[in-house]
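Dear colleague,

Please find below the structure that I am handing over to you. My notes on what was found in it follow directly after.

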Number of protein chains: 2
Amino acid sequence: MAKKKSKKTSTSLYGNYNDMLKSRFESLKIQPGDHIVIKYGEKNIDGNLMAQTEMGDPSSIVVKLDNGYNIGIKVDETVHIIKKAGSVDLEKFQIRVPKQKKGLPGITLLGTGGTIASRIDYKTGGVVMAMEPEEIFASLPELFEEVSFDDVKSLFTLASEDLASPQWKVMAKHSADAINDGTRGVVLLHGTDTMGYSSAALSFMLPDVPVPVVFTGAQRSSDRGSFDGAFNLISAARIAANADIASVMVCMHGSSNDDYCNISRGTKVRKMHTTRRDAFLTINDTPMMNIDYQGIMNELNNDLPRRKKGNVDPKLEYDEKVALIKIYPGIAPDLMDYYIDKGYHGLIIEGTGLGHVPSFPPKEDNRDFLHAVKRAVDEGIFVGMTSQCLNGRVHPYVYRSTRITYQSGVIYLEDMLPETALIKLGWTLANYEDKSVAKIMSSNLAGEISSRSYYQEYMRNEI
Amino acid sequence: MAKKKSKKTSTSLYGNYNDMLKSRFESLKIQPGDHIVIKYGEKNIDGNLMAQTEMGDPSSIVVKLDNGYNIGIKVDETVHIIKKAGSVDLEKFQIRVPKQKKGLPGITLLGTGGTIASRIDYKTGGVVMAMEPEEIFASLPELFEEVSFDDVKSLFTLASEDLASPQWKVMAKHSADAINDGTRGVVLLHGTDTMGYSSAALSFMLPDVPVPVVFTGAQRSSDRGSFDGAFNLISAARIAANADIASVMVCMHGSSNDDYCNISRGTKVRKMHTTRRDAFLTINDTPMMNIDYQGIMNELNNDLPRRKKGNVDPKLEYDEKVALIKIYPGIAPDLMDYYIDKGYHGLIIEGTGLGHVPSFPPKEDNRDFLHAVKRAVDEGIFVGMTSQCLNGRVHPYVYRSTRITYQSGVIYLEDMLPETALIKLGWTLANYEDKSVAKIMSSNLAGEISSRSYYQEYMRNEI
């Protein structure tokens, strides 16, 4: 197991509060983490004091409410601050990592950050993403009864919105190395917001992967009663260790309860709710399998790639000169000029319905978006079409306007998710010759294109 | 009732086919509309011959398959074309509009185009959008037993991707005039792809509307067995004539069958599937009501605005200098410069999760997207935050990066749909002073912001 790094300690107990507030806290013997009541006028706010972050307002008190959210309260001399009985027992945050047992299947755990690897730091305030993977284990001793860890690494501690192709390459490289060293499976801890983009990236960067590579994360932080990360991680570890499936996948709650997780293909999954624990839905496919709280796996898809011997040969290159354009009524054709002028190599359009862009000029300049798209194609830019409906398939033949768009050289990408299409395009442009790009984009490499439509699965992944 | 315009006839029976194909058709006595079989090698294609459009390949035969889709088949001398028994009975397309009965509630029908107002023209080929609203009535004599028509107008015959603010103004103006003339309700026939954008636009352009204004359309064209437009139109007409509800709404299939339609608020509805008849889901709310095939209405929402006396005072202005930006990993900060340089007045960000943009620079130029957003705000551009999860609520306080984004002046728009936020912003910027924009955008005007979250309704609108 990798050596646990020492954690950084806060340089200041109270963080960025101003001197007035610091002296009031000190005189009331209130420390960050203490339960306080703030009275102003007829209002009471009740929660745990947080230290102020460096970006916060020094004259506002940050309080963590019981529902898990932080609020800031601008205060002056007239506001009463009252310390309530009890303070947070910092002892319970002490880390005791269980010992590994012999003879258990070995998996590899890679941390990237995100809510699953974050917690409220009662010394420094706010949700922090500095938790080492081992710290998560402290609350999951049962995991050590089922699996052992070939390696545990924290690759980064970044929020998911800050992960992009440089990080995908690192994740894919470390996963490939672990697989080629013989690990049974890889679990990646990841922020949920862009998990679908990263799982798509690794789906292409690890072609024909021989073992499970499972992304998991948490929608609620570990200090909340509704923390979902523990069940997600246990389920992901069981899949990595035991499932007869070889794919890059996402393992997240299948319902609002801790009763089962869905295992979605990395190319066919999307976060469809900001906060629900069952936010991740498989789109245009069935989930590959689900796994219940006892670890029982149910295969839901007849077309599962199986575990096999052999190494993975990662293809890590990625062309960042790609963009996703969501169409809306009145979108200005100039936007295409921007991408042409900036030297982009590929564009994914999130069109309306079956794959439309405006062809009638609603603007005074008498230029329509369709002609701007054609101009991009004529400049040698790959343009792929997906749908903002997300569910269903684009189709160039039903309407005259889609036929014209198709004849302009836009490639219709079947039932591929727009986000997956973007990532696949960045990867394809960097790994294949120009003349092969349209063919690769139109071929199913990692489940991103389904040969048939799964009508019954429309927005309803539950059992 | 408005006078029916004469239809244009095709200048050529076969359209754009080359002379070789025209002469082969003539020698085989095959006309567009006839059922043919094309044999090449071991393949057979079976369907109705379509005339070739002016954009089509003159050497490819276009055949309408039984499933309703058109395909093009490149042919040469070796391909066999066989005429099958029977040809299309053009008589059945003759229009016989029923007569209106007296004493029935009067509604107003406005056509804008779209699939509901389109059909396969067996003389000219392809799906055409030239059907007058009265032509739809020909197949719906039962409608004339329940409602009368104060007015029937075809405002445009445009595909929905070609409708934008100039057309919204016309729709809203005609709706307001009809309402102020005393109609019981308005039904708008509209293409489905951008119906949610248009329904949002009219929700704001017709403030505090006193009667139902109901958008409806079709996912399948009227020549297909699965045509959904008839049931949608009957249901919409019943809502317009009889429902005790005053709102701009969308009436579309609630299931794959013709058993009921859902009535969604115009600001809370989204097309979530490219082809399904039940593609329209109410997002972050319950449907207002549903209506079954017998016309029985079930109210599903406790907070319905009721019919009332009085006129509507339309607010038709719209600022086209607004844009919707969907965030993805690695999105270039330069994109914000484009909008700043082009003089945009407002931007809606479709952020990740609870409302994030990248704050960590993955690019070599060492500029991050968050700072680019702040630059736009500093230039006086309104920037609003929504989520690409679509379901759920954005929240600026949970994470450090959202707090910083919020402190930069970005307004978090609760559970408003990104598309609705875009339309509301264009409308707000044109109708209110700059200093009021943030307040108006944060206030619930037409159901676009819910005060509480509807957890149970997540992607599951069925009964």
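I begin with chain B, where strand E1 (residues 35–40) and strand E2 (residues 43–50) pair in the antiparallel sense over six bridges. Strands (E, at least two residues) and helices (H or I, at least four residues) are DSSP runs, numbered from the N terminus, and two strands pair if DSSP finds at least two bridges between them. The coordinates are a predicted model, in which local features need pLDDT of at least 70 and side-chain atom pairs count only at pLDDT 80 or more, while totals for chains, interfaces and linings use all residues. Residues are numbered from 1 along each chain as its sequence is written, and chains are lettered from A and ligands numbered from 1 in the order in which they are written.

The sheets of chain A

Eight strands of chain A form an open sheet of mixed pairing, in the order E9-E6-E10-E11-E12-E13-E16-E17. Its edge strands, each pairing on one side only, are E9 (148–154) and E17 (297–299) of chain A. From one strand to the next the twist averages 25 degrees. Strand E10 (residues 186–189) and strand E11 (residues 213–216) of chain A pair in the parallel sense over four bridges, and A:Leu188 has A:Phe215 in E11(A) as its bridge partner. Helix H4 (residues 195–205) of chain A packs on this sheet, touching E11 and strand E12 (248–253), and its direction makes about 155 degrees with that of E12(A). Such angles run from 0 to 180 degrees between N-to-C directions, with axes taken as lines fitted to C-alpha atoms, for helices over the stretch in contact. Two residues are in contact if their C-beta atoms, placed from the backbone, lie within 7 Å.

Another open sheet of chain A has four strands in the order E18-E19-E20-E21, with parallel pairing. Here the edge strands are E18 (322–326) and E21 (411–412) of chain A. Five bridges join E18(A) to the parallel strand E19 (residues 346–351) of chain A; A:Glu350 in E19(A) is the bridge partner of A:Lys326. Helix H9 (residues 418–431) of chain A packs on the sheet, touching E18, E19 and strand E20 (382–387), and its direction makes about 170 degrees with that of E19(A).

Helix packing

In chain A, the axes of helix H3 (residues 165–180) and H4(A) come within 10 Å and cross at roughly 50 degrees. H3(A) and H4(A) are therefore oblique to each other (angles under 35 degrees count as roughly parallel, over 145 as roughly antiparallel, 65 to 115 as roughly perpendicular and the rest as oblique). A:Trp168, A:Met171, A:Ala172 and A:Ser175 of H3(A) make the contact with A:Ser198, A:Ala201, A:Leu202 and A:Met205 of H4(A). By class, this contact has six nonpolar, two polar and no charged residues. Ala, Val, Leu, Ile, Met, Phe, Trp, Tyr, Cys and Pro count as nonpolar, Asp, Glu, Lys and Arg as charged, and the others, Gly among them, as polar.

In chain B, helix H4 (residues 195–205) and H9(B) pack at an angle of about 40 degrees, with their axes 9 Å apart. Their crossing is right-handed. The residues of H4(B) that meet H9(B) include B:Tyr197 and B:Phe204, and among their counterparts in H9(B) are B:Ile423 and B:Trp427.

The two chains

Chain B is superposed on chain A by a rotation of 179 degrees with 0.2 Å of shift along its axis (RMSD 0.3 Å). That is the relation of a two-fold axis. The superposition is by least squares on the C-alpha atoms of residues with pLDDT of at least 70 in both copies. In the interface, 65 residues of chain B are in contact with 65 residues of chain A. The largest share of the side of chain B that touches chain A, five residues, comes from H8(B). That side divides into 31 nonpolar, 20 polar and 14 charged residues. The copies meet through the same surface, because 100% of the interface residues of chain B are also interface residues in chain A.

Yours sincerely

Terms used: Left-handed = near helix turned anticlockwise from the far one by under 90°.
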